[in-house]
Structures are given as structure tokens and as C-alpha cells.
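I opened my notebook for a quick look at this model. Here is what I looked up, entry by entry.

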Amino acid sequence: MSRSRSSKDAPPDAAPPDRKRNKKAQRAGARASDAAEVAGGVLADELAAGIDAARPVARRLSEEQRVDEKELGEVVARARSNIHELVALVDDRMKDLQSEDVQSLSNRLMTDAHDVADLLMDMLGAAPTLINRAAGTDGNAED
Amino acid sequence: MTLDEARRTEVDAGDLVEATLSRYRTLALERMLETVPADGPRYLYDVVRDYLQRPAKGMRPALCLAACGAWGGDVGAAVGTATAVELLHNAFLVFDDVQDESELRRGSPSLQSEYGVGVALNVGNALYVLAFELLRANRSVLGPTLTERIIRETLQMMRHTLEGQAIEIGWIRDNASNLDAEDYYRMCLKKTSWYSCIYPLRIGSLIATRGVEPSPALYRFGWYLGAAFQIRDDVLNLIGETELYGKERGGDLWEGKRTLMLIHQLQRRPTPARLDRYLRQTRAERSVADVRWLHSRMESMGSIEYAGGCAGTLADAALAEAPAAFASATDNDDLRFLLAMPEYVIQRQR
């Protein structure tokens, strides 16, 4: 089943219209057999949401030469889990390719990668103050 | 364990699930009761203690502890975390009942029905505090890095839950009628599945492996399992025995909840004027006759059957993810319990 929906009557907090539109035709349907496909797409959307959330921060940095601390904090929180999943995905592929004698090395590398991802996220959390200070647009000065 | 092997063990799976739930529920309950202060105001802690002892399945701590055991971890080291999961679940239930004005919970009056909204809110907040005290106490057992990681996972889970709850309430408030299955699944992922399945499975695995990121397939296993669980819960709300189900039968209809069954109805055009009028009313304005009419319509038009079919499809999808999700796990009773859960959640009566 496929129906169109105007932005006016879209349910609150549904997925962004641009992302939904493309997938609607494939996913919309009231057949029980479609449930896993529709639900699987929803999870993929949610896990990818961190990437979408990063866009306003990048735009603000480019257009206004400043970083909104709260905005970035939200991105970091969402991106952290996605980064760990990305590392896990790479890990899965590596395990497919490698023989057993290098498994322990691979495991160590993956653990290090997760630690590095955490460190990166923590550093990002401190970034707004440094960037805004460097750009002379520290939010405190304007208050 | 392969998928075929998992299916061959289905005969004993029901007993294994019940036994595992019972064993882990006991562990979590004991720790919960130890956590409640013995010498605080009785107006708060007596109610907390009574509420925690109401009959419950204990699915969430069981998923956490079984995941830890399946990955070869020390289950004892995960009890504090699993207990925090159950405390948070209880807090969510208290707030959910206030928001939905539900009358029954676990076979007894909901907290706000029995003591009033003020007491219910205090109990819900106390449960949050007790849960985070347990998570913070993990430092001595799990170390600072893993403790911090679990707290981050917890905050992420709570955010999803809060967002899902907001979506559901917003739909009722705005009388959203142009919804489809995808909208329902998004709400369900956030409101139920993340905290009920994805989160306990992930943190159980993280504790066992000392922080190794689980396979992405575990997200999908948990998501499909949680969705099947929630849909079955919605179906039981219509067809379940109140004594077993423990909640107000038909409560979702009274509340106008956007379940898969109601969305199935709303997708049948044109929407009958009676349904349109019903959904525009508040809970207090709705009549027994209208609730019975909607229930009957859902039965006769196959909405309940459709939802049951979706739950079955999702349970199958969870099982299909199991080989990848648990590829690095150990073949033991904890793993067999986890593999039996998809079938259990769609067959359960309570």
C-alpha cells in the first residue's frame, strides 16, 4: 500500500520527509510479511541519524565561523555509537579475511580503534571552546 | 549454535526460558531490594519496595545476564547492571502509567491509581536514582572505562525511550491518523525495543568481553525481538486474560493508542465517521459501546490477525540474525535461552 502525505499532516517526530519519501514506496505496506523489511529500514535510518545530525554543525562552522556547543554535544552523543558500529563492521570484514594466527592481533587493533574513537569523541566535546576562542566568537563574550 | 540446531531445541525451549527468567529475576529482585534504603521515609521506600515485588517476567535483566553468560562472562559481575536495567524499567512503567492514566499494572492498581500522581512521580524518580547509584557502583567491579561506557549506553537508551514515549503521546494529542507501519516501527524502536532488548543485550555482551563492541547483527536481533514483544503486548491488550496479562484489557483502545491494529484500521478508507469521532474524544468521553465496537471491528477486519502475523515475521527475522549476532558466543544454556526468546515473546500469555 502506498499513499502520499503532505508535510502538514505528517506525524510529529516521524522521519525527515526527504529520507522517507524515497523509501516509502518500497516500505509502505500493510502485509505482515513486509514487517521485517520495513522494521529493518527503520533501524538503519536511526543508526544513520547521527550522520544527518552532524550537518547543521558543519553548516554553522562554514557560514558563521562558530560551533554551537550544545549542537555539537548532541552530534557527538549520537555519532559515538555509530562510530563503534563502524569499527565493528570493519572488524567483521577483517575476520572474514584473516587466518586464526592473526586473530588476536586483529582483536587488539579493534579494541584500540574503539579507544581511539572514544578519545576522538571526547576531544570533539572540548572543541567548541577552542574553535570559538580562536575565531574570536566565544559565546560567553556575547552574553 | 546454528539456526537449525536452535530450531531442533524448540521442544525444551519453553521450559528453559521460564527457568532462566525465574532464576535471573530472583537475582535482580534480591539486589533491587538490597538497594532500597532501609531507613528512609516509609512514604517513599515502602511503596518502592512493594512495587518492585509485584509479579514480573524479569525479561530485561535476564537478557543482560544471559548475554553476559553467552559471551563467557562472569554473570555475577553483571548483576548490578542487570538490576539497574530492571529498576529503570520499573521507573518507565510508573511514568508510563501516569501519562496513560492506566488503571492496572502487574495485576494490581497502578501506582497513581492507588496512591495518587504525587507518590507515583516520587517513586519513579527514586527508581532512577537507585538505578544510577548501581551503575556508578560498577566502577569497583568493572573498572572506570567500562563503567563510563555503560553509563553512556544507558543515557543513549533513556533518550531513545523518552523520544519514543513523546512520539506516542504526541500522536494521541494531535489525533494523528495518517500513520503507517513504518511510523509505528520507528516509535516502537525508540519506546520499547531499545531499552527492552537492544540495550540489555549490548551491555551484557560488553561486560563479558570487557568492552569489545558486539556485532551489528546484535542490534538487529534485539530490535526485531523487541518489536515482536511489543506487538504481542498490544495484541494481548485486546485478547489476553486480565489475570495473566496483568494490565487493563482494552486499555489501549480507551487511550486511543496508535497500535499496529489501530493503524491497520486507519488505513482502510474511508475512515468511518464513528472511528473518526471516537479518536477525537478524550479517554473520559469514550463509551464502553464504542470501545466494544472498535474491538469487534479490529477482529472482523483482520487487524489483530495482521498484527500477530507481523510479530511472527519479526520473531523469524530475529532468529535469522542470531547466527551473526552470536557468532562469537559460547554454546551454553544462556545462548539457548536467547535463541528461544523470539518464539517465547510471540507465544506468551503474560
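How many of the 24 residues of α11(B) are buried? I counted 22 of the 24, so α11(B) is largely enclosed by the rest of the structure. Buried here means under 20% relative accessible area, exposed means over 50%, and partly exposed lies in between (1.4 Å probe, protein chains only).

A note on ground rules: this is a predicted model, where local features need pLDDT of at least 70, side-chain atom pairs count only at pLDDT 80 or more, and totals for chains, interfaces and linings use all residues. Residues are numbered from 1 along each chain as its sequence is written, chains are lettered from A and ligands numbered from 1 in the order in which they are written, and side-chain values use heavy atoms, with hydrogens and water left out.

Entry: helix α11. I looked up its length next. Helices are DSSP runs (H or I, at least four residues), numbered from the N terminus. At the N-terminal end I found a cap: a side-chain oxygen of Ser215(B) lies 3.0 Å from the backbone nitrogen of Ala217(B).

Entry: the core. The largest nonpolar core has 130 residues, and Tyr185(B), Trp223(B), Ile231(B), Phe326(B) and Phe337(B) have the most contacts inside it. Such a core is a set of buried Ala, Val, Leu, Ile, Met, Phe, Trp, Tyr and Cys residues joined through side-chain atoms within 4.5 Å. Helix α10 of chain B (residues 181–209) gives the most to this core, 16 residues. Beyond four places in sequence, the contacts of Trp223(B) include Ala39(A), Leu43(A), Tyr185(B) and Cys188(B); contact means heavy atoms within 4.5 Å.

Entry: cysteines. I found 0 disulfides over all chains, a disulfide being a pair of cysteine sulfur atoms within 2.5 Å. For Cys188(B), the nearest cysteine sulfur is that of Cys197(B), 9.3 Å away. Cys188(B) counts as buried because its relative accessibility is 1%.

Entry: confidence. Over residues 1–29 of chain A, pLDDT stays under 50.

How values were computed: Helix = DSSP H or I, 4+ residues; strand = E, 2+ residues; numbered from the N terminus. pLDDT = per-residue confidence, 0-100. Polar contact = N/O pair within 3.5 Å; in protein donor to acceptor, adjacent residues only side chain to side chain.
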